[in-house]
Amino acid sequence: LQMLEQQVVGGEQAQNKDLKEKHKRRKKYADERRLQLLAALQEANEDSSERVLLNVYDSIQEEVRAKSKMLEKVQEKLQAAEIEIKDLQLEFGLEKMDYLSTIRRQERDLMLCQQLLDQVQSLVRRDCNYSNLEKIRRESVWDEESGSWKIPEPVIQKTHLP
């Protein structure tokens with residue numbers, strides 16, 4: 001009885017392993033396809049998205065309306081993206097102008113400092129280490145912690161005649 005029962009449950013092909021594998025593959029494919037369709041439906045908006053996605057329409061007018069709505073939505077997204085691009089370009093332009101004005105101001109300040117140094121250098125005593133600006137620049141070191149230059153102290157070198 002048990003042997004007959006095992007053969008009857010599942011039909012004549014109850015022991016066919018190839019058939020079982022085929023059923024498993026079909027079920028797996030159907031599950032994957034169902035998940036893909038669910039994901040596509042979630043991406044689409046509103047209730048008409050199902051009809052547009054599956055291309056099921058009662059009339060041509062209904063299809064035109066559904067596609068027109070989708071076209072309007074895409075155009076709205078496009079306009080929003082274009083507005084955002086213009087805003088970013090404007091912001092970039094303002095930052096660029098700000099950077100350029102900062103660079104110009106720093107160049108003017110640098111030119112002023114250079115001219116002042118050129119004028120003052122002739123007034124420094126020859127026996128002072130500050131009479132040679134190139135040597136002072138070579139001996140100066142940038143300090144990362146304080147964010148400033150470490151400049152050598154001024155020293156007057158007195159020479160004694162014998």
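1. Throughout this note, a residue is called buried under 20% relative accessible area, exposed over 50%, and partly exposed in between, with a 1.4 Å probe and protein chains only. Val 124, at 22% relative accessibility, therefore counts as partly exposed.

2. The model is predicted: local features need pLDDT of at least 70, side-chain atom pairs count only at pLDDT 80 or more, and totals for chains, interfaces and linings use all residues. Residues are numbered from 1 along each chain as its sequence is written, and side-chain values use heavy atoms, with hydrogens and water left out.

3. On confidence, pLDDT is the predictor's confidence in each residue, from 0 to 100. The protein averages 82, and 83% of the residues score at least 70. Over residues 46-52, however, the pLDDT is below 50, and this stretch has 11 contacts in the model beyond near neighbours in sequence; a contact means heavy atoms within 4.5 Å. Where pLDDT is low, the predicted coordinates should not be read in detail.

4. Val 124 is located in the loop that lies between helix 4 (60-121) and helix 5. Helices (H or I, at least four residues) and strands (E, at least two) are DSSP runs, numbered from the N terminus. Leaving aside residues up to four places away in sequence, Val 124 touches Tyr 130 and Ser 131.

5. Ser 140 belongs to the loop between helix 5 (133-139) and strand 1 (141-143). With a relative accessible area of 15%, Ser 140 is buried. A polar atom of its side chain lies 2.7 Å from the backbone oxygen of Ile 136. Not counting residues up to four places away in sequence, Ser 140 touches Trp 149, Lys 150, Ile 151 and Pro 152.

6. Trp 149 also takes part in an aromatic pair with Trp 142. Rings of Phe, Tyr and Trp (its six-membered ring) pair if their centres lie within 6.5 Å; planes under 30 degrees apart count as stacked, over 60 as edge-to-face and the rest as tilted. A search of the whole structure finds 1 such pair. The two tryptophans, Trp 142 and Trp 149, are edge-to-face, at 5.5 Å centre to centre and 70° between the planes. Trp 142 is partly exposed at 39% relative accessibility, whereas Trp 149 is exposed, at 53% relative accessible area.

7. A disulfide is a pair of cysteine sulfur atoms within 2.5 Å, and the count by this rule is 0. Cys 113 is partly exposed, with a relative accessible area of 43%, while Cys 128 is buried, at 12%.

Notes:
A polar contact is a pair of N or O atoms within 3.5 Å; within protein, one must be able to donate a hydrogen and the other to accept it, and residues adjacent in sequence count only if both atoms are side-chain atoms.
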